[in-house]
Amino acid sequence: ATPGARTWQKSYGLGHISIQDRAAKVIASPSSPNPGRTIYTIPWDDPAFAELEVAVEPPGTSRGQWESGRAGVVFWQDADNLLIVSTWLDDFYDGTSISSFFLLKGFEELYDAVWTNVGRRISWGQPYHIRAACDGVKYLVYVNNEPVLVRALTDVYPQFDRLTINRVGIVANWEWGNDTGSVFTQFVGKKRKQQNDSQR
C-alpha cells in the first residue's frame, strides 16, 4: 500500500513486478524475458493532471549480455484508454530511446508511437530518472531532469478529446522485445498543486 492507503494492483499483462528490498523488480532475465506489456497502477484523484517520476536501474552492465530495458510509467483512464512513456534499451541499436505509446478508444497502432533518441543518457546498469507530466492532452518527458520529448495526443489523433487520468503507475513495456529485469527504486506522483503521493 502507498501512503493514503492506496494499493498497487496489476492492471494489465501476464508478467510480474515484485517488491524486493524496498524496490519493484521486473521478474525476468535474458533467458526468460517479461512476457509482453505489464502494468501496475494505483488510483489517482486528479483526473486532469499527473506528474510521475521513476528511478530505474536497467538490467545488465554492458552491451552483449542480451539485457533489455523497457521500464516506464503509465497514465491510465481505463483498459481502453492510456498513455505509456517508456525506455527502449537494447543490444540491437547504438542509441537508447524514450517512447510514447497510445491506446485510445480501444485502438493502438504501434507505428503511431512517438519516440526520441536519447543516445547513451540511459545505459545498462546505470540508474536514471524518467519524469513525465500529462494534462490529458499534452505531455512532457524528462530524462535526468533534461527535457527530451514534448507532444500532444492530438498531434497523432486530432479527433481525440482528452484522457481522463483515473490511475497512474509503472510499466514493463513491449517494444520490439521485452524487459529482462529493470528495477524501479522510486515512484513519485505529483498533482498540479504539488500534493505528493509516493512509493519507494
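**Close-up views of a predicted model**

**View 1. Strand 10 and its two neighbours.** In strand 10, histidine 129 is the bridge partner of alanine 55, where strands are DSSP runs (E, at least two residues) numbered from the N terminus. This is a predicted model, in which local features need pLDDT of at least 70 and side-chain atom pairs count only at pLDDT 80 or more, while totals for chains, interfaces and linings use all residues. Residues are numbered from 1 along each chain as its sequence is written, and side-chain values use heavy atoms, with hydrogens and water left out. Strand 5 and strand 10 pair in the antiparallel sense over 7 bridges, two strands being counted as paired if DSSP finds at least two bridges between them. Strand 10 also pairs with strand 11 (residues 138-143), again in the antiparallel sense, over 5 bridges, and here cysteine 134 stands opposite tyrosine 139 in strand 11. The hairpin of strand 10 and strand 11 has 3 residues between the strands, and in it glycine 136 takes a positive phi near 95 degrees. Because 6 of the 7 residues of strand 10 (residues 128-134) are buried, this strand is largely enclosed by the rest of the structure; buried means under 20% relative accessible area, exposed over 50%, and partly exposed in between (1.4 Å probe, protein chains only).

View 2. Strand 1 and strand 4 pair in the antiparallel sense over 3 bridges, and tyrosine 12 stands opposite isoleucine 39 in strand 4.

View 3. Arginine 37 counts as buried at 14% relative accessibility, whereas glutamate 108 is partly exposed, with a relative accessible area of 26%. Another salt bridge, formed by arginine 70 and aspartate 90, has its closest N and O atoms 2.7 Å apart, and both of these residues are buried.

**View 4. Two nonpolar cores.** The largest nonpolar core has 43 residues, of which Phe75, Ile98, Tyr139, Val141 and Phe184 touch the most other members; such a core is a set of buried Ala, Val, Leu, Ile, Met, Phe, Trp, Tyr and Cys residues joined through side-chain atoms within 4.5 Å. Leaving aside residues up to four places away in sequence, phenylalanine 184 touches several residues, including Ile17, Val26, Val54, Ala55 and Ile170, contact meaning heavy atoms within 4.5 Å. A second, separate core of 9 residues includes Val74, Leu82, Ile84 and Phe101.

Methods: Salt bridge = Lys/Arg side-chain N within 4 Å of Asp/Glu carboxyl O. Helix = DSSP H or I, 4+ residues; strand = E, 2+ residues; numbered from the N terminus.
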